[in-house]
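Please view the structure below before reading on.

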Amino acid sequence: MSSFNHYQTLDIHPQATAQEIKQAYRRLAKRFHPDSQTETSNVEKIIEINGAYEILSDPQRRRFYDQQLFNLQFSSKLRTRQQRNEAAQKQYQRQRRRSYNADTHLEDWLQQVYKPVNRLIIPILKSLNTQINQLAADPFDDELIADFQTYLENCRHDLNQAQITFRSQPNPSPVAGVAASLYYCLNQLGDGIDELERFTFNYDEHYLHIGQELFRIATSLRHDAQDAIKHINY
């Protein structure tokens with residue numbers, strides 16, 4: 001079947017009557033006929049017009065042509081629909097892959113960063129009061145001070161491991177708030193250990209109180225992170 005539409009060639013509606021087809025043919029033939037001696041004369045155009053009129057002016061040939069045209073248009077619409085469906089399917093698959101990758105990243109961060117960091121810092125936070133109570137028996141006792149210094153060294157070692165773990169991979173965007181709370185928790189904990197260590201050098205209880213307050217703030221920040229995790233959809 002010709003790639004061009006006979007109705008378009010004659011510039012008429014597909015529902016045009018036989019009389020409208022004949023009028024359109026005469027008008028265009030007069031306009032494009034080579035013998036018209038006008039600027040619009042066009043041999044190729046008149047051949048197209050004659051071909052279109054030959055088909056559309058014959059009722060039987062027109063019915064056959066209309067069926068072919070319908071099939072062609074239906075096939076075109078079907079291909080367009082299939083293309084849209086394929087494009088939609090590809091987009092869906094890309095979104096699923098992105099969603100899967102995001103979910104995997106989130107799960108990896110929770111398992112490889114969040115949980116290990118908590119396992120390292122929770123014992124530090126919970127053991128301080130016990131250590132201070134032991135030290136309170138005699139803050140100037142060399143043995144108790146030595147034990148307290150050993151405790152602080154262990155705390156600093158575990159904190160350093162927690163900080164390395166925290167920096168080991170970027171946090172997913174859904175847990176940005178969780179990561180922020182955890183980051184400040186680690187900072188407060190580090191500052192708290194520094195203050196407690198200053199006490200062992202000069203026995204000024206002021207540093208003990210500051211260290212305890214910084215540990216309290218770190219504990220609150222860890223709880224904030226823990227509460228934020230509960231609102232993450234994963």
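In helix H3, the buried residues (under 20% relative accessible area; exposed is over 50%, partly exposed in between, with a 1.4 Å probe and protein chains only) include Ile 46, Ile 49, Ala 52, Ile 55 and Leu 56. Helices are DSSP runs of H or I with at least four residues, numbered from the N terminus. The model is predicted: local features need pLDDT of at least 70, side-chain atom pairs count only at pLDDT 80 or more, and totals for chains, interfaces and linings use all residues. Residues are numbered from 1 along each chain as its sequence is written, and side-chain values use heavy atoms, with hydrogens and water left out.

At the start of H3, a side-chain oxygen of Asn 42 comes to within 3.0 Å of the backbone nitrogen of Glu 44.

Rings of Phe, Tyr and Trp (its six-membered ring) pair if their centres lie within 6.5 Å; planes under 30 degrees apart count as stacked, over 60 as edge-to-face and the rest as tilted. By this rule there are nine aromatic pairs, among them these two:

| Pair | Type | Centre to centre | Angle between planes |
|---|---|---|---|
| Tyr 25 and Tyr 53 | stacked | 4.1 Å | 15° |
| Phe 166 and Tyr 183 | tilted | 6.3 Å | 35° |

Tyr 25 lies in helix H2 (residues 18–32) and Tyr 53 in helix H3, so this pair ties together parts 28 residues apart in sequence. Phe 166 belongs to helix H5 (residues 142–166) and Tyr 183 to helix H6 (residues 176–202), 17 residues apart. Phe 166 is buried at 14% relative accessibility, whereas Tyr 183 is partly exposed at 40%.

Technical notes. Helix = DSSP H or I, 4+ residues; strand = E, 2+ residues; numbered from the N terminus. Polar contact = N/O pair within 3.5 Å; in protein donor to acceptor, adjacent residues only side chain to side chain.
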